[in-house]
Amino acid sequence: MALVSMKQMLADAKKNKYAVGCFNAINLEMARGVIQAAEQENSPVILCHAEVHFKYVPLDKIAPILINEAKNAKVPVAVLLDHGKSFSAVIKAMNLGFNAVMYDGSKYDFKQNVENTGEIVKIAGELGVDVEAELGYVVRPKSGGAEGDDDDSIIDDTSLYTKPEEACEFVEKTGVDALAIAFGTAHGVYLKTPQLDFERLKKISKAVDVPLVMHGGSGLTSQDFKKAIECGISKINYYTGMAYNASEAIREKFSQSSDKVYYHNIMMWSMDAFKDDVRKVIRLFGSTNKA
């Protein structure tokens, strides 16, 4: 199956009240595990690679792997650059064949974020690439294990949350296809029990007509995920939980094995672990049999 438009995927998710999972895949085993899970659940899925992960594998090395896996999948798959903070990374992803990009201008003020995002949307439009942007700021605490450098103390700073009136203006001025918002989630492992502002989410959902995206989902309860989808979330990014759960599964395999363990054994264990975890998440997001 050819690459499928993320915009098209999320439009259906928004209409039918489920969420499409977006999974960071930083190697072949992760990509294959995600695709196998999606195929077994008959679910659309988004493979992504984040700029913060370029230090593990450069964009030009992972791009052919993700795109090839997507094109050969039996279910709809989009390939997204996640949290592209630099123009160079975003443009490079488009040129390498990613059919969606997330430009993250959340560190800028509203005006600059609008201006930068608008420029990306214009370029992407010429290339047939869908664009997600972020308004508000989803924190990435230093202690959260997600490559963050934010001070841990800002996880309760509600001034960083997305404002409904600004969300409406942002979407109108930029023309983005999806909007990532801040309403109490955080990247990485949660340092304390999150208090999600679902009322804010509802207001934003009513104020804009594009699908909404939740980043920082690892560590939320099943009820949190279901409520977020019910209140308007159509795409959920998930990485930290998957990475941790897979490593724990591999640790368990080591403890149970009395034979010699070879690297290829670890590769297969990890692929199966990613697949099993992603299948659970897909069911939770409600996208099973939505392919």
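The legends below describe close-up views of a predicted model.

**View 1. Helices H5 and H6 pack against each other.**
Two packed helices are described by the angle between their axes and the distance between the axes. For H5 (residues 110-127) and H6 (residues 164-174), the axes come within 9 Å and cross at roughly 35°. The crossing is right-handed. On the H5 side, the residues that take part are Phe110, Asn113, Val114, Thr117, Gly118 and Val121. They meet Glu166, Glu169, Phe170, Lys173 and Thr174 of H6. Sorted by type, the residues of this contact comprise four nonpolar, four polar and three charged.

The whole structure holds six aromatic pairs, and one of them is formed by phenylalanine 23 and tyrosine 238. A pair of aromatic rings is described by the distance of the centres and the angle of the planes. Here the ring centres are 6.1 Å apart and the planes stand at 85°, so the pair is edge-to-face; planes over 60 degrees apart are given that name. Phenylalanine 23 has a relative accessible area of 0% and is buried. Tyrosine 238 has 7% relative accessibility, so tyrosine 238 also counts as buried, the limit being under 20%.

**View 2. Two lysines sit over aromatic rings.**
Lysine 227 lies over the face of phenylalanine 198, at 4.7 Å from the ring centre. In the second case, the ring belongs to tyrosine 18, and the charged end of lysine 290 is placed over it, 5.2 Å from the centre.

**View 3. Lysine 17 and asparagine 289 have positive phi values.**
Neither residue is a glycine. Lysine 17 has a phi of about 60° and is found in the loop between helix H1 (6-16) and S1. Its relative accessible area is 53%, so lysine 17 is exposed, the limit being over 50%. Asparagine 289 has a phi near 60° and is found in the segment after helix H10 (263-285). With 56% relative accessibility, asparagine 289 also counts as exposed.

**View 4. Tyrosine 103 is buried in strand S4.**
The strand covers residues 100-103, and the relative accessible area of tyrosine 103 is 0%. Leaving aside neighbours within four places in sequence, tyrosine 103 has contacts that include Phe87, Tyr108, Ile120 and Ala133. Histidine 215 is 112 residues away along the chain, and its C-alpha atom is separated from that of tyrosine 103 by 13 Å.

**View 5. Alanine 180 is buried in strand S6.**
Strand S6 runs over residues 178-181, and alanine 180 has 0% relative accessibility. Apart from neighbours within four places in sequence, alanine 180 is in contact with Met102, Glu132, Ala133, Glu134, Leu135, Val213 and His215. Valine 52 is 128 residues apart from alanine 180 in sequence and 17 Å apart in space, C-alpha to C-alpha.

**View 6. Threonine 162 and threonine 158 are in the loop between S5 and H6.**
Threonine 162 has 1% relative accessibility and counts as buried. Threonine 158 has 47% and counts as partly exposed. Not counting residues up to four places away in sequence, threonine 162 touches Leu135, Gly136, Ala167, Ile181, Ala182, Arg200 and Ile204. Its C-alpha atom is separated by 22 Å from that of alanine 100, which is 62 residues apart along the chain. For threonine 158 and alanine 182, 24 residues apart in sequence, the C-alpha distance is 9.0 Å.

**View 7. Serine 205 is buried in helix H7.**
Helix H7 covers residues 198-207. Serine 205 has 18% relative accessibility and therefore counts as buried, since the limit is under 20%. Its contacts, leaving aside neighbours within four places in sequence, are Leu212, Cys231 and Gly232.

Conventions: Residues are numbered from 1 along each chain as its sequence is written. This is a predicted model: local features need pLDDT of at least 70, side-chain atom pairs count only at pLDDT 80 or more; totals for chains, interfaces and linings use all residues. Side-chain values use heavy atoms; hydrogens and water are left out. Axes are lines fitted to C-alpha atoms, for helices over the stretch in contact, and angles run from 0 to 180 degrees between N-to-C directions. Helices (H or I, at least four residues) and strands (E, at least two) are DSSP runs, numbered from the N terminus. A crossing is left-handed if the near helix is turned anticlockwise from the far one by less than a right angle, and right-handed if clockwise. Contact means heavy atoms within 4.5 Å. Ala, Val, Leu, Ile, Met, Phe, Trp, Tyr, Cys and Pro count as nonpolar, Asp, Glu, Lys and Arg as charged, and the others, Gly among them, as polar. Rings of Phe, Tyr and Trp (its six-membered ring) pair if their centres lie within 6.5 Å; planes under 30 degrees apart count as stacked, over 60 as edge-to-face and the rest as tilted. Buried means under 20% relative accessible area, exposed over 50%, partly exposed in between (1.4 Å probe, protein chains only). A charge sits over a ring if NZ of Lys or CZ of Arg is within 6 Å of the ring centre and within 35 degrees of the ring normal.
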